[in-house]
Protein chains: 4
Amino acid sequence: MTDEPLDVGVLGYRFMGKAHSNALARLPMFFDDAPDVNRHTLVGRDEEALAEAAEQFGFEHTSTDWEAVVDEVDVFYNLGPNHVHAEPSIAALEAGTPVFCEKPLAPTLDEAEEMRDAAADAGVVAGCAFNYRFVPAIRYARNLIADGKLGEIHQVRGRYLQDWLVDPEAPWSWRNDEEMAGSGALGDLGAHTIDLARFLVGDEVGEIDRISGQLQTFVEERPVAGSDETRPVTVDDAYTAQAEYESGAIGTFEASRVTDGHKNDHTIQIHGSEGSLKFSLERLNELEYKGADHRGYETILVTDESDPYLEHWWPPGHVIGWEHTFVHENYEFLSAVRDDAEFHPSFEDGYEVQRVLDAIERSDETGEWVSLT
Amino acid sequence: MTDEPLDVGVLGYRFMGKAHSNALARLPMFFDDAPDVNRHTLVGRDEEALAEAAEQFGFEHTSTDWEAVVDEVDVFYNLGPNHVHAEPSIAALEAGTPVFCEKPLAPTLDEAEEMRDAAADAGVVAGCAFNYRFVPAIRYARNLIADGKLGEIHQVRGRYLQDWLVDPEAPWSWRNDEEMAGSGALGDLGAHTIDLARFLVGDEVGEIDRISGQLQTFVEERPVAGSDETRPVTVDDAYTAQAEYESGAIGTFEASRVTDGHKNDHTIQIHGSEGSLKFSLERLNELEYKGADHRGYETILVTDESDPYLEHWWPPGHVIGWEHTFVHENYEFLSAVRDDAEFHPSFEDGYEVQRVLDAIERSDETGEWVSLT
Amino acid sequence: MTDEPLDVGVLGYRFMGKAHSNALARLPMFFDDAPDVNRHTLVGRDEEALAEAAEQFGFEHTSTDWEAVVDEVDVFYNLGPNHVHAEPSIAALEAGTPVFCEKPLAPTLDEAEEMRDAAADAGVVAGCAFNYRFVPAIRYARNLIADGKLGEIHQVRGRYLQDWLVDPEAPWSWRNDEEMAGSGALGDLGAHTIDLARFLVGDEVGEIDRISGQLQTFVEERPVAGSDETRPVTVDDAYTAQAEYESGAIGTFEASRVTDGHKNDHTIQIHGSEGSLKFSLERLNELEYKGADHRGYETILVTDESDPYLEHWWPPGHVIGWEHTFVHENYEFLSAVRDDAEFHPSFEDGYEVQRVLDAIERSDETGEWVSLT
Amino acid sequence: MTDEPLDVGVLGYRFMGKAHSNALARLPMFFDDAPDVNRHTLVGRDEEALAEAAEQFGFEHTSTDWEAVVDEVDVFYNLGPNHVHAEPSIAALEAGTPVFCEKPLAPTLDEAEEMRDAAADAGVVAGCAFNYRFVPAIRYARNLIADGKLGEIHQVRGRYLQDWLVDPEAPWSWRNDEEMAGSGALGDLGAHTIDLARFLVGDEVGEIDRISGQLQTFVEERPVAGSDETRPVTVDDAYTAQAEYESGAIGTFEASRVTDGHKNDHTIQIHGSEGSLKFSLERLNELEYKGADHRGYETILVTDESDPYLEHWWPPGHVIGWEHTFVHENYEFLSAVRDDAEFHPSFEDGYEVQRVLDAIERSDETGEWVSLT
């Protein structure tokens, strides 16, 4: 443990770059026991855009050479597209630099495995940034489950519905390309759901024992912005899956980018022998909970001082937003780095998710249930 | 077509017997163009209980011999347990008597096929009483879909969640027995969902092309009421399924009798390229609809005079209940009998549902996706 | 007490006539200990319409002379417009015939007082048909309050919002006329709310101590259907009121017929020192309840066998409708007539409501708070 | 207009101090055209607490002497308790320093009037920090109303319900004291509602023409934290009011700090001749809107790039929190200071709200409606 500020290098300066930079900037005012952090170097390819982003996000330096950076900083954040997750992350780990990598861990199971192994070999903190584990209502839900309030877990139901590709004219991006993204809704959204289910009920139901899944692409090609061209969509617009866990519990999972009327609807429901609960990301300050002493679901506003992370923010009823999950995960990750402590979700956790994503794809191809244990 | 009242014979005098008898009793006051009906004969085995029920439900006669009744009456209602659906229904059809049979059509696909064939041979009206087709909000939803308001249909999601078996001490009944019920949540609840999806989007997406499913039993044996014994549960407490339709649309289905906090939660959601909708049975007067000119779901109270069946009831906002679906389906069925007209859901429709239920069971057993076309 | 069927005479054959006739018709199948009832005579002015209604509603006789009928029948139902509430009801009471009169009891406080006095003199059952007291969820709520689950009652909030006059072209009817209706939204809708609040918390907070109110008419004249004429609207489209109860609790009340998007939204909320609850008529099977052991509101589906009146109907989760409240109130009223027992809401209750309506009108006129005790 | 950073001095370092400091800190990363700001001096009385807060909130200096500060800085924020709003704000204005003062503008109408006049005399920007005007969904709603989507406005209904004083043992604070706070729920919460209604429909309905109100205190004394003493509560726990606007529209208002189950429930509903809308602070990313082309309310997630302020934040569906309203209002206020432009809500707006609060108190005392025009 050291009192020196941690120099953070960040690869990627778009959506995720902004979300993490904001989180880093907010820690000092709200989490007084968080490690001090220097936003040291922002890494990217386009020098001009990079310089502008570094200015906006408060970084001291920029670099177009991640190989130099991973060695130089105390912590390396890999927030680039999925296809650049493996190489820089592994390089950082080999340099002994802790890594925080965006999800899904990798576009393929092979790469995820290499990353997991590199993390194990390096023996430094390696986190996979599944931010929804850090929603207060989710932490609260997990505590209820761990306390046995739902009894024996029977059913898990998770879905992640968005609409940004429902319009066939929505432009092509790397997220529509198998090479760069690995998969579509499955990897981008499904990875979150699979991880969240593991986080909430993994201790109770074990890992997934067998799974069947399907992927579907409704729009086969999309226009390239600023041109007359179209490019093929080589990933799924939507997937569904159903699973049996080691305990005998059953699960259903689904995601889509073409679900009209749902912007960021990540909903998870858990049912046990003595209770049920439901969480929905678009109302992330709320948890619906049916306990043994209830007749119906209670809508809990999880904003009390006693709720996870809430003492750092505002009085009860003063709701927080999506971005706060990044503050919480950065707080936990950086604290683990400082203390050389365990951090979850780890690369190992990211790899376990990837095994499930991979099995869903194989089930779709082979028309068979896939065994995972 | 005749003006003579129709003599109706009804087999079964418990839950469904009461629901249909009530429906028959209410037709004259609310549907003035409905056929006149005599509640002629109530059929059962226990003479004392039968007499009491006949008195309560307003039947003129009772009989313990369905074979005599099917020939005697103008219409035969088969509301008994699933394992007595086939024989009396087929006998009635062979006697040229129109039949209204509760769902699921039969405990096995073989029996369902025989019933379908008997109906085809008889050439009389043979209805399968999937009452949820007759919810005004469902009819309204179907019209929206048929009018193209949702565009091309991409996703169907249906679930039917109840809680009456979540307590392991809830007593054993014929509904827990494979011989008598065929299946558990799958046949009892899933049949409704599969049929409702067909009704809503069948014209748009075709039949199910392939399906995978799983069944699970969480409580292996249950106490026999009024004794110290237990009996084994030989049917599913819950099932899940996922399907691809002929059009490429995908569907997910689920039902459970062990979902704490859900009493009669039959929820169906449809998503298309231009809109979405959601219906939930516990709020059956409402429809949530997201059209192309909307930013979010609109909650429509489907109780206007212009809404399906509503001109027969009360002014806008004066909600109807579950039982009204039986009035509507009896109105339609009996009108079809009087007019010798087509009626849906027919035995053919019931058989199509049974094919899907059967495929789900086979997928669970074989660990493979099952092709249906 | 007698076992002879009660001959019921009913004045009025439109909306309320249908609602009560249906209730009478349904009692035998669902409430086996209800008194037997003959739908004896239907009373009205238009002989043709009357004959048709009698046929539809199952009445044996018709009459255009209520004076003859009130003496002839065992029970008299006064379901006519407000301005014909007093005279026939008083005549019936003077003839010793129990009366069930629709709400509000009368168009003016003077008439309501005469009716109350006539009932007191007659010493027979005289009921004012505030049907919402007979919603199962409302009975359940009242029990919670009586059991002290909400602690000391602090706040009452009631509103009744409809939209059927929001269109300025909606046609004129007797409900827009002060002579015939007494008042508008205030008497038609507000009467329900004032009574429901009294029913729920009257034992806890006492009567209203002082009140201020306002009435507003947004559309000054309306077209007469089938003509080019318009007629002036001489009643309120909307009212608001605020009150202090004897206990120090405070209340706010509101109704409107011009609230776009609200069809029959009768919502009442109660807040106490230890809990809160909320009921809404458009979802009448539900109650939202926040108890001392809750963090938020629990949505209770009040459809269990143990819930008020529910053992007479369907299994849990099989929701009932608006019309069922009439079955319940007819069951209670007729049982009281048979047993010569007390019945609430009585004419006395109806009069107490009228005092409040009258005070609201006076406050609007004088610009002062009005004292009621 | 200048490019020099604005030196901001802030009086108050508790709840509001933190909320505004956070807002100032976040502007550069998200609003690139916002003025540069130095968090210059934090003002308070307790030097130790002040030093700690200055460190946490990122202020360069501290001072216990506001009189020196108001002259020294470019902008003065008055975030202290209500009873210290007037003197420092007026001093700042007299020094020509723009002022941003928390709401309600003052504990009494007299002081509010002095502040308004001082602002008018000074001719610099003087803002009253009603932050809820800066919720994106509220801005969106206001645009709908201004575009005539609701037609002629008939009804306004606002309530602000909290529960932090429902426990009689909740400790006494300055907010329970008339000297320091002016009033209780009325000034603290009601001020927000009155202002929000003015903001949303003021252009359509004019000012309030007459009003009646009541205040109630349910808990007469409260314990002093850390002692055995109690102190009297000399302000209201709850108020209600009803009003008629110049246009004839009617309004109802209510607030409470003793409403169990409601944490920060600021809900406002507007009904017009062609539509309705509803906003609720605990779900501040949502707006419920019923337009002329709708049958029911549409739930709009106001998080699209095209929505007010949202282009500065995250992609659609990535919800923001309560604190973001402070970022928006600081952006607007500071931009107005830089550009010497008009800013609303101004001291004039704050004064108008105070007139209404004062009239409500007078109506409660005199038992009369109070005329405001």
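Student: In what order do the 6 strands of the open sheet in chain C sit?

Tutor: Heads-up: this is a predicted model, where local features need pLDDT of at least 70, side-chain atom pairs count only at pLDDT 80 or more, and totals for chains, interfaces and linings use all residues. Residues are numbered from 1 along each chain as its sequence is written, chains are lettered from A and ligands numbered from 1 in the order in which they are written, and side-chain values use heavy atoms, leaving out hydrogens and water. Strands (E, at least two residues) and helices (H or I, at least four) are DSSP runs numbered from the N terminus, and two strands pair if DSSP finds at least two bridges between them. With parallel pairing, the order in this chain C sheet is 3-2-1-4-5-6.

Student: Which are the edge strands of chain C?

Tutor: Look for strands that pair on one side only. In chain C, those are strand 3 (61-63) and strand 6 (126-128).

Student: By how many degrees are neighbouring strands of this sheet turned against each other on average?

Tutor: Axes are lines fitted to C-alpha atoms (for helices, over the stretch in contact), and angles run from 0 to 180 degrees between N-to-C directions. Ignoring direction, the average for neighbouring strands here is 20°.

Student: Which residue in strand 3 of chain C is the bridge partner of Thr41(C)?

Tutor: Strand 2 (residues 37-43) of chain C pairs with strand 3 of chain C in the parallel sense, over 3 bridges. Within strand 3 of chain C, the partner of Thr41(C) is His61(C).

Student: At what angle does helix 10 of chain C run to strand 6 of chain C?

Tutor: Helix 10 covers residues 347-366 of chain C and lies across strand 5 and strand 6. Its angle to strand 6 of chain C is about 40°.

Student: Is Lys290(B) buried or exposed?

Tutor: You'll find Lys290(B) in strand 15 (residues 286-290) of chain B. Buried means under 20% relative accessible area, exposed over 50%, and partly exposed in between (1.4 Å probe, protein chains only). Because its relative accessibility is 4%, Lys290(B) counts as buried.

Student: How much area is buried between chain D and chain C?

Tutor: In contact (heavy atoms within 4.5 Å) are 44 residues of chain D with 44 residues of chain C. Buried area is the accessible area (1.4 Å probe) that two parts lose on being put together, summed over both. Carbon and sulfur atoms give 45% of it here, and the total is about 3500 Å².
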